Amino acid sequence: MLRTAGTTRTYDYIVVGAGSAGCVLAARLSEDPGVRVALVESGPRDRKPEIRIPAAFPKLFKTAYDWDFTTAKQEALGGRELYWPRGHTLGGSSSLNAMMWVRGHRADYDAWGEAAGPEWAYDAFVRYFRRAERWTGPTPRDSVYGTDGPLWISPLRDPSPLTFAFLAACHDRGITGLRELNGPDHSGYATTPVNQRKGRRWSAADGYLKPAARRPNLDILTQTRVCGLEFEGKRVTGVVTQGGPGTLTARREVVLSAGAIGSPHLLMLSGIGDPERLREAGVEVKVASPDVGRHLQDHLAYAVTVRCPRPVTLTGADTLPNLGRFLLRGRGPLTSNLGEAVAFVRTRPDLVAPDIELVFAPAPFVGHGLTPPTEHGLTIGVVLLQPVGEGRIDLGGTAVTTLPRIDPGYLTAEEDLRRLVVGVRRAEQLLATPALAEHTAGPLAPYPGVVDDEALAAAVRGSAETLYHPVGTCRMGSDEGSVTDPRLRVRGAEGLRVVDASVMPRITRGHTHAPTVALAEKAAELILEDAR
Ligand SMILES: Cc1cc2nc3c(=O)[nH]c(=O)nc-3n(C[C@H](O)[C@H](O)[C@H](O)COP(=O)(O)OP(=O)(O)OC[C@H]3O[C@@H](n4cnc5c(N)ncnc54)[C@H](O)[C@@H]3O)c2cc1C
């Protein structure tokens with residue numbers, strides 16, 4: 001039931017944050033009519049039309065639907081402070097992301113298995129993707145996809161002709177064509193499967209929350225920010241809210257699903273974190289857990305942008321006729337998610353799995369698309385998949401309204417810059433193939449065109465940006481130093497779990513929505529098992 005202020009203040013489970021993970025949990029936990037669940041979301045309802053129109057997602061940036069974070073100065077990026085959008089509405093970041101459904105490589109989950117036990121390794125974990133998926137495309141006999149889950153996963157309805165030129169270029173350069181992108185080894189190229197139903201965005205709120213919203217045992221509180229946890233000794237008994245009903249009590253558990261920035265921030269504000277750091281900030285230490293906020297990992301991306309001599313890109317695609325096609329038939333360029341195709345490649349042949357992703361967009365994607373492009377162009381985004389450098393989320397102050405300090409630690413390891421430069425060379429090789437060369441007419445700033453390695457490294461430092469995938473700040477593990485244990489319980493506290501992108505022990509070689517949904521599916525199972 002959607003409420004702006006609850007009348008019932010005691011629940012069995014309180015889930016904080018209605019993002020990719022929180023929507024899964026609220027839906028799965030409330031399947032049992034005997035338990036009462038509250039889902040508490042700081043942002044408004046997801047009613048803005050741009051949420052539904054795939055190509056319009058950059059129009060949500062820096063609005064009320066975005067947390068609009070800024071990082072600390074990044075020394076290795078010329079002292080730049082980077083813009084970090086995060087979803088602030090039902091569906092969380094799945095309501096303003098690029099809709100790319102990319103599970104990653106089996107090596108990603110085998111690494112999780114090493115950190116947190118075999119239940120998290122690929123062979124055991126893969127079923128949670130299938131549980132979530134409702135694949136609507138062509139289905140080969142041994143397809144990897146689930147077909148009856150809550151999340152619609154579809155092929156793009158009207159990919160750009162330029163996207164086919166990119167695929168042909170990949171073929172010509174000897175990259176493997178993948179029959180399905182989401183198999184255990186995604187080394188190769190493919191068009192991008194997207195979270196869309198009939199051409200419209202299909203967020204975690206659409207798939208999980210809306211069908212559950214009528215249940216009388218589920219309260220969804222929007223525009224209600226959680227600002228701290230209530231304790232009795234080490235046991236968490238509830239949450240304190242702002243802009244809502246005050247204190248909510250949890251009979252069983254509080255689950256933090258506030259994302260890789262919000263969850264560690266809430267833990268620290270509530271006294272769970274590095275004791276020295278908490279004391280310095282004047283926060284009473286409830287649980288000493290030095291790793292809270294650490295091991296922040298993100299995908300840094302460099303955009304190789306070139307002019308296109310013909311008016312066939314998405315530049316200027318938001319015309320009235322295209323809006324009509326979209327509204328009436330769910331077709332046309334407005335169904336584009338921009339990142340229409342991908343190739344996963346290695347910078348060295350001996351690597352176990354790809355370390356670079358090339359994302360193709362039939363538009364010049366510069367500066368997050370905040371300023372709509374005026375020229376026709378295309379982009380190959382070069383993404384560093386396994387950064388060595390890590391960063392940290394820290395308290396920005398002790399007032400709940402003070403934003404956390406975000407230091408992603410980009411390119412703090414020299415190795416990371418070297419790999420990105422090699423990745424840019426791969427993109428340049430693709431652009432030089434006859435298939436793509438006929439669609440290009442010279443570099444578009446800030447990409448300088450083909451220059452020597454030193455100048456290219458300077459260009460990367462000067463304009464690389466986030467691909468929006470922060471993880472790792474409440475990492476799970478079997479070791480005592482991890483923030484969450486393999487059942488995602490916060491070590492040192494009782495009645496408290498974290499379930500969202502922050503628990504990933506290592507960032508995946510893909511995009512982070514699919515793994516977050518799958519881990520939330522598994523977490524729901526763990527919570528129900530522990531309640532028996
Ligand atoms: C612009 C953009 C593009 C992206 N593109 C893709 C893509 O194409 N494919 C992909 O796989 N991934 C993509 N991602 C990443 C992906 O969407 C995220 O990794 C994923 O949604 C994270 O899920 P989460 O549940 O951890 O956090 P979120 O989905 O961010 O949810 C956290 C929720 O908690 C709420 N919250 C936070 N603090 C509080 C509080 N104190 N009280 C109450 N509520 C709170 C937030 O408002 C939010 O709704 C993108 C992300 C962005 C921002």
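Figure 1. With 25 C-beta neighbours inside 10 Å, His 295 counts as buried, a term used for residues with 20 or more other C-beta atoms within 10 Å of their own, whereas exposed residues have 12 or fewer and partly exposed ones lie in between, the C-beta atoms being placed from the backbone. This is a predicted model, in which local features need pLDDT of at least 70 and side-chain atom pairs count only at pLDDT 80 or more, while totals for chains, interfaces and linings use all residues. Residues are numbered from 1 along each chain as its sequence is written. His 295 sits in the loop between strand S16 (287-288) and strand S17 (300-307), where helices (H or I, at least four residues) and strands (E, at least two) are DSSP runs numbered from the N terminus. Although His 295 is not a glycine, its phi is positive, at about 60°. Most residues other than glycine have a negative phi, and most peptide bonds are trans.

**Figure 2. The whole protein.** The protein has 13 helices and 24 strands, and its C-alpha atoms fill a box of roughly 65 × 50 × 40 Å along the principal axes. Its radius of gyration is 22 Å, which agrees with the value near 24 Å that a compact globule of 532 residues would have; this radius is taken over C-alpha atoms, and the globule rule is 2.2 Å times the number of residues to the power 0.38. Buried residues make up 55% of the 532 residues. Of the contacts with a separation of 6 or more, 69% join residues 24 or more positions apart, a contact being a pair of residues whose C-beta atoms, placed from the backbone, lie within 7 Å.

**Figure 3. The shell around the ligand.** The ligand is surrounded by 41 residues, the closest being Gly 17, Gly 19, Gly 92, His 511 and His 513; a residue is counted here if its C-beta atom, placed from the backbone, lies within 6 Å. Helix H1 (20-29), strand S12 (225-232), helix H7 (259-269) and helix H13 (513-531) are the elements that each give two or more residues to this shell, and the largest share, 4 residues, comes from H7. The shell divides into 17 nonpolar, 20 polar and 4 charged residues, where Ala, Val, Leu, Ile, Met, Phe, Trp, Tyr, Cys and Pro count as nonpolar, Asp, Glu, Lys and Arg as charged, and the others, Gly among them, as polar.

**Figure 4. The largest nonpolar core and Val 16.** The largest nonpolar core has 159 residues, and those with the most contacts inside it are Ile 14, Val 16, Leu 25, Ala 26 and Val 382. The largest share of this core, 8 residues, comes from H13. Such a core is a set of buried Ala, Val, Leu, Ile, Met, Phe, Trp, Tyr and Cys residues joined through C-beta atoms within 7 Å. When residues up to four places away in sequence are not counted, the residues that Val 16 touches include Val 40, Val 226, Val 239 and Leu 266.

**Figure 5. Helix H6, largely enclosed.** Because 7 of the 9 residues of helix H6 (residues 204-212) are buried, this helix is largely enclosed by the rest of the structure. The buried residues are Ala 204, Ala 205, Asp 206, Gly 207, Tyr 208, Leu 209 and Ala 212, and they pack against H1, strand S7 (151-153), strand S11 (218-221) and H13.

**Figure 6. Two residues of the loop between H9 and S18.** Thr 335 lies in the loop between helix H9 (320-329) and strand S18 (341-345), and Thr 335 is buried, with 26 other C-beta atoms within 10 Å. Leaving aside neighbours within four places in sequence, Thr 335 is in contact with several residues, among them Pro 54, Leu 156, Arg 157 and Phe 326. Thr 335 and Glu 50 are 285 residues apart in sequence, yet their C-alpha atoms are 11 Å apart in space. Leu 338 lies in the loop between H9 and S18 and is buried, with 23 other C-beta atoms within 10 Å; its phi is positive, at about 75°, although Leu 338 is not a glycine.

**Figure 7. Pro 311 and Pro 446, two loop prolines.** Pro 311, in the loop between S17 and H9, counts as exposed, with 8 C-beta neighbours inside 10 Å. Pro 446 lies in the loop between helix H11 (434-437) and helix H12 (453-463), and the peptide bond to Pro 446 from Ala 445 is cis, with omega near 10°.

Key: Contact = placed C-beta atoms within 7 Å.
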